[in-house]
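I opened this entry to note what I looked up, element by element. The model comes first, then my notes.

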Amino acid sequence: MKKLLIRIAIIAALFFLFDRALGYGLGILYSQSNATDEYKISYSNETTRDPVLFFGSSRCLHHFVPSIFEKELGKDCYNTADWGIKNIYYHYGLLGNILTRYTPQTIIFEIHPCDWLQTPFSGIERANSLAPYCGKSEACDEMLKLSGNYWKYQLSWTYRYTGSLPNLLTGKLGSMDRSLKGWKPMDGILDTTGIKAEEYPFPVDQERIHFLERFIKDCQSHGIQLIMVESPMYVCSQQDVFRFVHELTQKHQIPFLDHYRDSDFVGHAEYFFDFGHLNREGAQRFSEKLSKELRETRPAI
(Lines give C-alpha, C1' and ligand atoms only; values in the text may rest on other atoms or scores of the structure.)
Protein backbone atom coordinates (compact mmCIF):
# COMPACT_ATOMS: atom_id res chain seq x y z
CA MET A 1 0.00 0.00 0.00
CA LYS A 2 2.83 2.38 0.87
CA LYS A 3 4.55 1.73 -2.47
CA LEU A 4 1.25 2.30 -4.28
CA LEU A 5 0.76 5.64 -2.56
CA ILE A 6 4.32 6.65 -3.43
CA ARG A 7 3.73 5.76 -7.08
CA ILE A 8 0.47 7.71 -7.14
CA ALA A 9 2.25 10.69 -5.58
CA ILE A 10 5.06 10.48 -8.16
CA ILE A 11 2.59 10.23 -11.06
CA ALA A 12 0.58 13.17 -9.69
CA ALA A 13 3.77 15.23 -9.33
CA LEU A 14 4.81 14.38 -12.89
CA PHE A 15 1.38 15.36 -14.24
CA PHE A 16 1.60 18.60 -12.27
CA LEU A 17 5.03 19.44 -13.68
CA PHE A 18 3.97 18.47 -17.20
CA ASP A 19 0.87 20.66 -16.94
CA ARG A 20 2.87 23.63 -15.69
CA ALA A 21 5.50 23.24 -18.42
CA LEU A 22 2.92 22.82 -21.19
CA GLY A 23 0.83 25.68 -19.82
CA TYR A 24 3.90 27.92 -19.70
CA GLY A 25 4.73 27.07 -23.32
CA LEU A 26 1.16 27.71 -24.44
CA GLY A 27 1.28 31.04 -22.63
CA ILE A 28 4.29 32.06 -24.71
CA LEU A 29 2.52 31.00 -27.92
CA TYR A 30 -0.57 32.91 -26.79
CA SER A 31 1.31 36.15 -26.21
CA GLN A 32 3.00 35.83 -29.63
CA SER A 33 -0.06 34.77 -31.62
CA ASN A 34 -1.37 37.02 -34.39
CA ALA A 35 -4.81 35.42 -34.42
CA THR A 36 -7.49 38.03 -33.74
CA ASP A 37 -8.79 36.82 -30.37
CA GLU A 38 -5.46 35.88 -28.84
CA TYR A 39 -3.59 38.92 -30.09
CA LYS A 40 -6.29 41.38 -29.03
CA ILE A 41 -6.76 39.85 -25.58
CA SER A 42 -3.04 39.42 -24.83
CA TYR A 43 -2.10 42.91 -26.04
CA SER A 44 -4.97 44.54 -24.17
CA ASN A 45 -4.18 42.74 -20.92
CA GLU A 46 -0.39 42.83 -21.04
CA THR A 47 0.94 45.61 -23.23
CA THR A 48 -1.14 48.66 -24.11
CA ARG A 49 -0.47 51.84 -22.18
CA ASP A 50 -2.33 54.20 -24.47
CA PRO A 51 -4.15 57.02 -22.67
CA VAL A 52 -7.37 56.45 -24.67
CA LEU A 53 -8.90 52.98 -24.85
CA PHE A 54 -11.97 51.71 -26.69
CA PHE A 55 -14.00 48.95 -25.00
CA GLY A 56 -16.75 46.84 -26.54
CA SER A 57 -17.64 43.85 -28.64
CA SER A 58 -17.57 43.37 -32.41
CA ARG A 59 -19.25 46.67 -33.25
CA CYS A 60 -16.49 48.50 -31.41
CA LEU A 61 -13.84 46.23 -32.95
CA HIS A 62 -14.94 47.13 -36.47
CA HIS A 63 -16.16 50.74 -36.02
CA PHE A 64 -13.48 52.65 -34.09
CA VAL A 65 -10.34 53.60 -36.07
CA PRO A 66 -7.59 54.62 -33.60
CA SER A 67 -5.50 56.54 -36.16
CA ILE A 68 -8.41 58.88 -36.89
CA PHE A 69 -9.07 59.54 -33.21
CA GLU A 70 -5.35 60.07 -32.58
CA LYS A 71 -5.19 62.70 -35.30
CA GLU A 72 -8.23 64.57 -33.97
CA LEU A 73 -7.60 64.19 -30.22
CA GLY A 74 -3.79 64.36 -30.21
CA LYS A 75 -3.53 61.30 -27.96
CA ASP A 76 -2.50 57.69 -28.51
CA CYS A 77 -5.47 55.30 -28.72
CA TYR A 78 -5.98 51.55 -28.73
CA ASN A 79 -9.06 49.49 -29.55
CA THR A 80 -9.31 46.66 -27.00
CA ALA A 81 -12.62 45.35 -28.35
CA ASP A 82 -13.06 41.76 -29.46
CA TRP A 83 -15.75 39.86 -31.33
CA GLY A 84 -17.79 36.97 -29.91
CA ILE A 85 -20.56 38.95 -28.17
CA LYS A 86 -18.22 40.06 -25.40
CA ASN A 87 -20.27 41.62 -22.60
CA ILE A 88 -19.88 43.39 -19.27
CA TYR A 89 -18.50 40.27 -17.56
CA TYR A 90 -15.57 40.31 -19.97
CA HIS A 91 -15.21 44.11 -19.94
CA TYR A 92 -15.16 44.29 -16.15
CA GLY A 93 -12.47 41.61 -15.86
CA LEU A 94 -10.41 43.28 -18.58
CA LEU A 95 -10.64 46.65 -16.83
CA GLY A 96 -9.41 45.07 -13.60
CA ASN A 97 -6.41 43.54 -15.37
CA ILE A 98 -5.50 46.80 -17.11
CA LEU A 99 -5.65 48.71 -13.83
CA THR A 100 -2.99 46.41 -12.35
CA ARG A 101 -0.55 47.91 -14.91
CA TYR A 102 -1.61 51.52 -15.45
CA THR A 103 -4.52 53.95 -15.42
CA PRO A 104 -5.77 55.14 -18.81
CA GLN A 105 -7.00 58.71 -19.05
CA THR A 106 -10.15 57.96 -21.04
CA ILE A 107 -12.26 54.89 -21.79
CA ILE A 108 -14.76 55.06 -24.63
CA PHE A 109 -17.23 52.24 -24.11
CA GLU A 110 -19.41 51.05 -27.01
CA ILE A 111 -22.28 49.67 -24.96
CA HIS A 112 -24.52 46.89 -26.28
CA PRO A 113 -27.83 45.43 -25.05
CA CYS A 114 -25.92 42.29 -24.03
CA ASP A 115 -24.39 44.44 -21.29
CA TRP A 116 -27.71 44.75 -19.41
CA LEU A 117 -30.18 42.28 -20.98
CA GLN A 118 -30.28 38.48 -20.85
CA THR A 119 -29.42 38.17 -24.52
CA PRO A 120 -28.85 34.64 -25.86
CA PHE A 121 -25.32 33.29 -26.41
CA SER A 122 -23.87 36.03 -24.21
CA GLY A 123 -23.79 35.07 -20.56
CA ILE A 124 -21.09 34.79 -17.92
CA GLU A 125 -19.26 32.29 -20.16
CA ARG A 126 -17.88 35.28 -22.10
CA ALA A 127 -15.58 35.96 -19.16
CA ASN A 128 -13.76 32.69 -19.91
CA SER A 129 -11.84 34.48 -22.68
CA LEU A 130 -9.82 35.91 -19.78
CA ALA A 131 -8.75 32.42 -18.63
CA PRO A 132 -5.04 33.03 -19.44
CA TYR A 133 -5.12 35.87 -16.90
CA CYS A 134 -6.52 33.90 -13.99
CA GLY A 135 -4.93 35.41 -10.88
CA LYS A 136 -4.03 38.75 -12.48
CA SER A 137 -6.66 40.88 -10.73
CA GLU A 138 -9.52 40.57 -8.23
CA ALA A 139 -12.01 41.71 -10.86
CA CYS A 140 -10.85 39.10 -13.38
CA ASP A 141 -10.89 36.33 -10.78
CA GLU A 142 -14.36 37.35 -9.63
CA MET A 143 -15.68 36.94 -13.18
CA LEU A 144 -13.96 33.57 -13.61
CA LYS A 145 -15.41 32.38 -10.29
CA LEU A 146 -18.88 33.35 -11.47
CA SER A 147 -18.27 31.36 -14.65
CA GLY A 148 -17.50 28.28 -12.54
CA ASN A 149 -14.06 27.71 -14.03
CA TYR A 150 -11.74 29.62 -11.71
CA TRP A 151 -10.51 26.59 -9.74
CA LYS A 152 -10.07 24.56 -12.94
CA TYR A 153 -7.84 27.31 -14.29
CA GLN A 154 -5.92 27.43 -11.01
CA LEU A 155 -5.45 23.67 -11.00
CA SER A 156 -4.39 23.38 -14.63
CA TRP A 157 -2.44 26.01 -16.53
CA THR A 158 -2.94 24.01 -19.71
CA TYR A 159 -6.72 24.13 -19.31
CA ARG A 160 -6.58 27.93 -19.54
CA TYR A 161 -5.65 27.64 -23.22
CA THR A 162 -7.91 24.82 -24.42
CA GLY A 163 -10.27 27.25 -26.17
CA SER A 164 -7.34 28.80 -28.02
CA LEU A 165 -5.56 25.65 -29.18
CA PRO A 166 -6.79 25.77 -32.82
CA ASN A 167 -5.62 29.37 -33.21
CA LEU A 168 -2.36 28.75 -31.37
CA LEU A 169 -1.57 25.80 -33.64
CA THR A 170 -2.39 27.63 -36.87
CA GLY A 171 -0.82 30.87 -35.66
CA LYS A 172 -1.97 33.20 -38.43
CA LEU A 173 -5.69 32.38 -38.45
CA GLY A 174 -7.63 35.64 -38.61
CA SER A 175 -4.38 37.58 -38.56
CA MET A 176 -4.36 41.16 -37.29
CA ASP A 177 -2.60 44.10 -38.90
CA ARG A 178 -0.93 45.39 -35.74
CA SER A 179 -0.38 48.83 -37.22
CA LEU A 180 -4.17 49.37 -37.02
CA LYS A 181 -3.95 49.34 -33.20
CA GLY A 182 -6.80 46.94 -32.58
CA TRP A 183 -9.19 48.03 -35.34
CA LYS A 184 -10.30 45.24 -37.69
CA PRO A 185 -11.82 46.69 -40.88
CA MET A 186 -14.51 44.88 -42.84
CA ASP A 187 -14.52 45.13 -46.63
CA GLY A 188 -17.74 44.72 -48.59
CA ILE A 189 -21.15 46.34 -49.01
CA LEU A 190 -24.37 45.15 -47.39
CA ASP A 191 -26.85 43.15 -49.42
CA THR A 192 -30.11 44.70 -48.20
CA THR A 193 -32.32 41.80 -49.30
CA GLY A 194 -34.59 40.76 -46.43
CA ILE A 195 -32.87 42.97 -43.85
CA LYS A 196 -34.94 43.54 -40.71
CA ALA A 197 -34.23 45.45 -37.53
CA GLU A 198 -32.71 43.53 -34.66
CA GLU A 199 -35.13 43.39 -31.75
CA TYR A 200 -34.35 42.88 -28.07
CA PRO A 201 -37.30 41.11 -26.38
CA PHE A 202 -35.12 39.99 -23.47
CA PRO A 203 -35.50 40.56 -19.71
CA VAL A 204 -33.24 42.89 -17.77
CA ASP A 205 -30.38 41.14 -15.98
CA GLN A 206 -29.77 42.73 -12.59
CA GLU A 207 -26.39 41.01 -12.20
CA ARG A 208 -25.13 42.55 -15.45
CA ILE A 209 -26.41 45.95 -14.37
CA HIS A 210 -24.59 45.48 -11.05
CA PHE A 211 -21.26 44.94 -12.82
CA LEU A 212 -21.97 47.69 -15.32
CA GLU A 213 -22.34 50.12 -12.42
CA ARG A 214 -19.20 48.76 -10.81
CA PHE A 215 -17.37 49.34 -14.09
CA ILE A 216 -18.53 52.97 -14.01
CA LYS A 217 -17.59 53.43 -10.35
CA ASP A 218 -14.15 51.85 -10.81
CA CYS A 219 -13.45 54.26 -13.66
CA GLN A 220 -14.59 57.19 -11.54
CA SER A 221 -12.59 56.12 -8.49
CA HIS A 222 -9.43 55.93 -10.64
CA GLY A 223 -10.06 59.30 -12.24
CA ILE A 224 -10.74 57.77 -15.67
CA GLN A 225 -12.94 59.80 -17.99
CA LEU A 226 -15.63 57.34 -19.12
CA ILE A 227 -17.75 58.05 -22.18
CA MET A 228 -20.41 55.66 -23.46
CA VAL A 229 -21.17 55.47 -27.15
CA GLU A 230 -23.61 53.69 -29.42
CA SER A 231 -22.69 53.48 -33.09
CA PRO A 232 -25.17 53.31 -35.98
CA MET A 233 -27.16 50.35 -37.29
CA TYR A 234 -28.32 50.03 -40.87
CA VAL A 235 -31.92 49.59 -39.72
CA CYS A 236 -33.15 50.36 -36.20
CA SER A 237 -35.63 48.77 -33.85
CA GLN A 238 -38.88 50.55 -33.10
CA GLN A 239 -38.14 49.92 -29.42
CA ASP A 240 -36.57 52.62 -27.29
CA VAL A 241 -33.63 50.25 -26.98
CA PHE A 242 -31.15 52.60 -25.30
CA ARG A 243 -33.46 54.34 -22.86
CA PHE A 244 -31.77 52.37 -20.07
CA VAL A 245 -28.35 53.70 -21.07
CA HIS A 246 -29.58 57.30 -21.16
CA GLU A 247 -30.97 56.87 -17.63
CA LEU A 248 -27.82 55.11 -16.38
CA THR A 249 -25.45 57.76 -17.73
CA GLN A 250 -27.60 60.57 -16.38
CA LYS A 251 -27.56 58.89 -12.97
CA HIS A 252 -23.76 58.70 -12.96
CA GLN A 253 -23.25 61.99 -14.80
CA ILE A 254 -21.23 60.59 -17.67
CA PRO A 255 -21.67 61.41 -21.39
CA PHE A 256 -23.59 59.08 -23.69
CA LEU A 257 -23.09 59.77 -27.39
CA ASP A 258 -26.01 57.93 -28.97
CA HIS A 259 -25.61 57.43 -32.74
CA TYR A 260 -27.91 54.41 -32.99
CA ARG A 261 -30.32 56.30 -35.26
CA ASP A 262 -27.74 58.59 -36.88
CA SER A 263 -29.29 59.68 -40.19
CA ASP A 264 -25.83 60.05 -41.77
CA PHE A 265 -25.53 56.24 -41.64
CA VAL A 266 -28.92 54.59 -41.06
CA GLY A 267 -30.27 53.29 -44.37
CA HIS A 268 -26.97 53.91 -46.20
CA ALA A 269 -26.01 50.44 -47.35
CA GLU A 270 -22.75 51.74 -48.82
CA TYR A 271 -21.42 52.24 -45.28
CA PHE A 272 -22.30 48.78 -43.94
CA PHE A 273 -20.78 45.32 -44.22
CA ASP A 274 -23.87 43.74 -42.65
CA PHE A 275 -26.90 45.19 -40.90
CA GLY A 276 -25.03 45.73 -37.62
CA HIS A 277 -21.45 46.42 -38.67
CA LEU A 278 -19.96 49.31 -40.60
CA ASN A 279 -17.57 48.50 -43.42
CA ARG A 280 -14.17 50.14 -43.82
CA GLU A 281 -15.51 53.37 -45.32
CA GLY A 282 -18.36 53.55 -42.84
CA ALA A 283 -16.01 53.03 -39.88
CA GLN A 284 -13.68 55.75 -41.11
CA ARG A 285 -16.54 58.22 -41.62
CA PHE A 286 -18.05 57.39 -38.24
CA SER A 287 -14.68 57.70 -36.49
CA GLU A 288 -14.17 61.12 -38.09
CA LYS A 289 -17.58 62.29 -36.90
CA LEU A 290 -17.27 60.84 -33.41
CA SER A 291 -13.71 62.05 -32.85
CA LYS A 292 -14.81 65.64 -33.52
CA GLU A 293 -17.73 65.18 -31.13
CA LEU A 294 -15.43 63.75 -28.45
CA ARG A 295 -13.14 66.75 -28.76
CA GLU A 296 -16.12 68.93 -27.87
CA THR A 297 -17.27 66.93 -24.82
CA ARG A 298 -16.93 68.59 -21.43
CA PRO A 299 -14.45 68.07 -20.03
CA ALA A 300 -12.77 67.66 -23.41
CA ILE A 301 -10.58 64.61 -24.00
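This is a predicted model: local features need pLDDT of at least 70, side-chain atom pairs count only at pLDDT 80 or more; totals for chains, interfaces and linings use all residues.

**What covers helix α5**

Residues are numbered from 1 along each chain as its sequence is written, and side-chain values use heavy atoms, with hydrogens and water left out.

I noted the terms as I went. Helices (H or I, at least four residues) and strands (E, at least two) are DSSP runs, numbered from the N terminus. Buried means under 20% relative accessible area, exposed over 50%, and partly exposed in between (1.4 Å probe, protein chains only). Contact, or touching, means heavy atoms within 4.5 Å.

**α5 itself**

How many residues of α5 are buried? I found 12 of its 12 buried, so I wrote it down as mostly covered. The list runs I88, Y89, Y90, H91, Y92, G93, L94, L95, G96, N97, I98 and L99. The helix spans residues 88-99 and reaches 16 Å from its first C-alpha to its last. That is close to the 16 Å expected at 1.5 Å a residue. The expected span is 1.5 Å times one less than the number of residues.

Next I checked α2. It is mostly covered, with 8 of its 11 residues buried. These are T36, E38, Y39, K40, I41, S42, S44 and N45.

How do I describe a helix pair? Two packed helices are described by the angle between their axes and the distance between the axes. For α2 and α5 I noted an angle of about 45° and axes 8 Å apart. The two are therefore oblique to each other. On the α2 side the contact uses I41, S44 and N45; on the α5 side it uses Y90, L94, N97 and I98. I sorted the residues of this contact into 4 nonpolar, 3 polar and no charged.

Axes are lines fitted to C-alpha atoms, for helices over the stretch in contact, and angles run from 0 to 180 degrees between N-to-C directions. Under 35 degrees counts as roughly parallel, over 145 as roughly antiparallel, 65 to 115 as roughly perpendicular, and the rest as oblique. Ala, Val, Leu, Ile, Met, Phe, Trp, Tyr, Cys and Pro count as nonpolar, Asp, Glu, Lys and Arg as charged, and the others, Gly among them, as polar.

**Nonpolar cores**

I then looked up the cores. A nonpolar core is a set of buried Ala, Val, Leu, Ile, Met, Phe, Trp, Tyr and Cys residues joined through side-chain atoms within 4.5 Å. The largest has 54 residues, and F55, I107, F109, F215, L226 and M228 have the most contacts inside it. α5 gives the most to this core, with 8 residues. Apart from it lies another core of 28 residues, among them C77, A81, L278 and A283.

Beyond four places in sequence, L226 touches I107, F109, F215, I216, C219, I254 and P255.

**Loop residues**

Q105 sits in the loop between α5 and β3. I logged Q105 as partly exposed, at 40% relative accessibility. Its C-alpha is 8.7 Å from that of L226, 121 residues apart along the chain. Leaving out residues up to four places away, Q105 touches P51, K75, G223, I224 and Q225.

I189 lies in the loop between α8 (165-170) and α9. Is I189 buried or exposed? It is exposed, with a relative accessible area of 61%. Outside four places in sequence, I189 contacts A269, E270, F272, F273 and N279.

**Positive phi**

Most residues other than glycine have a negative phi. I85 has a positive phi of about 50°. I85 lies in the loop between β2 (77-79) and α5, and is partly exposed at 32%. Phi of Q253 is near 55°. Q253 is in the loop between α10 (243-252) and β5 (256-258), and is exposed at 74%.
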